[in-house]
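Student: I have a model open and want to check its labels against their definitions. Can we go through them one by one?

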Amino acid sequence: MRDVPVRPIPRRFPTVPVPPPEAPRSVVVVGAGLAGAQTVAALREHGFDGTLTVLGAEGVPPYDRPPLSKEMFTRPEPVWLSDDLGVDVARLADDVRLADPAVSLAVEPDGVLVATASGARVAADAVVLAVGSTPVRPPGWDSAWTLHTAADAARLRAALEPGLRLVIVGAGWIGAEVAGVAAGRGAHVTVMEAGEVPLERQLGAAVGARLAPWYEAAGVRLVTGAAVASVDARGVTLAGGDRLDADVVLAAVGARPASGWLAGTLPLDATGRLRVDVSGRLTGHASPTDPAGRLAPATLARIWAVGDVAVREHPVFGPVPGGHWSAALHDPDVTARAMLGVDRSASDPEELRARLGLTPVERHAPYVFSRQLGHDLALLGLPTPADDVVLRGDPASGGPWAALYVESALDRHPQHTPEGHEVVTVRAVLLVDTPREVGAVRRLMNGSTPLRLDLARAVDPSTRLRDAVVPPAR
């Protein structure tokens, strides 16, 4: 009888390394912000009883960062996560070093070694990178203030008084939030924005233009198309040579992951982030030509990332860059379950999980909330420049409204409801001054399939968005 070669069983996802057969007995969490604290809590909740080390940089316990700008005066003390979420890392972890940040990482198939600023070395079976972010400060802007830490907020809070000349460079989320708070305290506020409208990069030009009138209404001077060439202790100089004097200049031009210390060790992309799968496990694909992008599977299986530094795969939105508050809050639970073997198949498609009898992995759409210039904004989903923008309600009315970011259907066959209404796929929803709708829209956007709406019903403010949902095509 002729021998028949046996075909090897293919790996389900060849690009995703197989985790080690045993769960780690020691874990070091690098970062003591929301993502790091939630990782510690999730590991303990799912039964991890090994050694847990936490490395922080600010010297204070974990706190919630958004209130620093949104509620600078209404909540002047840090919102400690031990009080707000009941997550006390000092109680949950074995070794907590809040003022000893990581400075280097060595990863081998049999473990990881993290060196800290004090010269200490922490060995563990696995590392979770929850490094957070750091504000962007262009070269030569040493005299510019930033708002990123509790100490930054305390310094700015003490300076904000009637008559202060404050120049904010950047009309993004932080710039707009601080501008409204500062103007409300009697400061003379000018916002310099290099783009043509506020939040152009985040929301697009069409929607950003709708926000511009808010500045004047709040007593803030907005100057767009204004590139700042230099900053000194007395103000800013524009690229055209014009000068604007100030008592305080606040740089609010963005933030980047605090991952520079990982360069050359792990495959950081151009933004300083790491590509991870749905569970938060490092894939090593960002830079395949870099030696750091060719780590062995056994080595990759020891590296996990959550929060700002992680670009995590999402079944609806694809690769989602870190920086969303919802990711820092929710993703660590999925990561902890995968690390401990509670759910080793978190990255599998839901169709396969269903056939295997596994419960669906909880999905969360990217979420940003902002309180700025007397208005509440909630952005759910991930807008792209290719999306078409459809308004729900009239922004000029002064009342609540929303913007729907829908996929362009130029290359697709148009779909219609039985009534003849156009069916659209929604990539993001911006809600303005409608806080009661946020919960319902979040539930719609958190599904594992794209949100499809009857457009004629969706743009009618008298119709609830959930009543405009079109079920997925079968």
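Tutor: Start with a charge over a ring. This is a predicted model, and in it R185 lies over the face of F73, at 3.9 Å from the ring centre.

Student: What makes R185 count as lying over the face of F73?

Tutor: The cut-off is CZ of Arg within 6 Å of the ring centre and within 35 degrees of the ring normal. R185 is 3.9 Å from the ring centre and lies over the face of F73. R442 lies over the face of Y367 too, at 4.2 Å from the ring centre.

Student: How many aromatic pairs are there?

Tutor: The count comes to two aromatic pairs. One of them is Y63 with W80.

Student: What makes the pair of Y63 and W80 edge-to-face?

Tutor: Centres must lie within 6.5 Å, and planes over 60 degrees apart count as edge-to-face. For Y63 and W80 the values are 6.1 Å centre to centre and 90° between the planes.

Student: Why is Y63 called buried, and why is W80 called partly exposed?

Tutor: Buried means under 20% relative accessible area, and exposed means over 50%. Y63 has 4% relative accessibility, so Y63 counts as buried. W80 has 27%, so W80 counts as partly exposed.

Student: Now α11 itself. How do you know that its length agrees with a helix of 15 residues?

Tutor: At 1.5 Å a residue, helix α11 (residues 325–339) should span 21 Å. Its end C-alpha atoms are 22 Å apart, which agrees.

Student: Where does α11 bend?

Tutor: At D331, by about 35°. A proline, P332, follows within four residues.

Student: Why is α11 called largely enclosed?

Tutor: Of its 15 residues, 11 are buried, so the rest of the structure largely encloses α11. Among the buried residues are L329, D331, P332, V334 and M339.

Student: What follows α11?

Tutor: G341, whose phi is positive, near 80°.

Student: What makes β6 and β8 edge strands?

Tutor: Three strands form an open sheet in the order β6-β7-β8, with antiparallel pairing. β6 (102–108) and β8 (121–124) each have a single partner strand, so one side of each is left without a neighbour in the sheet. Neighbouring strands are turned by 15° against each other on average, direction ignored.

Student: How do you know that β6 and β7 pair?

Tutor: A pair needs at least two bridges. β6 and strand β7 (residues 111–116) have six, in the antiparallel sense. V107 stands opposite V112 in β7.

Student: Last one. Is D94 buried or exposed?

Tutor: Its relative accessible area is 52%, so D94 is exposed; the cut-off is over 50%. D94 sits in the loop between α4 (89–92) and β5 (95–97).

Notes. Residues numbered from 1 in each chain as written. Predicted model: local features only at pLDDT ≥ 70, side-chain atom pairs only at ≥ 80, totals over all residues. Heavy atoms only, no water. Helix = DSSP H or I, 4+ residues; strand = E, 2+ residues; numbered from the N terminus. Expected span 1.5 Å × (residues − 1). Bend = angle between axes of the 7 residues up to and from the residue. Buried < 20%, exposed > 50% of the residue type's maximum accessible area, 1.4 Å probe, protein only. Phe/Tyr/Trp six-rings, centres within 6.5 Å; stacked < 30°, edge-to-face > 60°. Axes fitted to C-alpha atoms, helices over the stretch in contact; angles between N-to-C directions.
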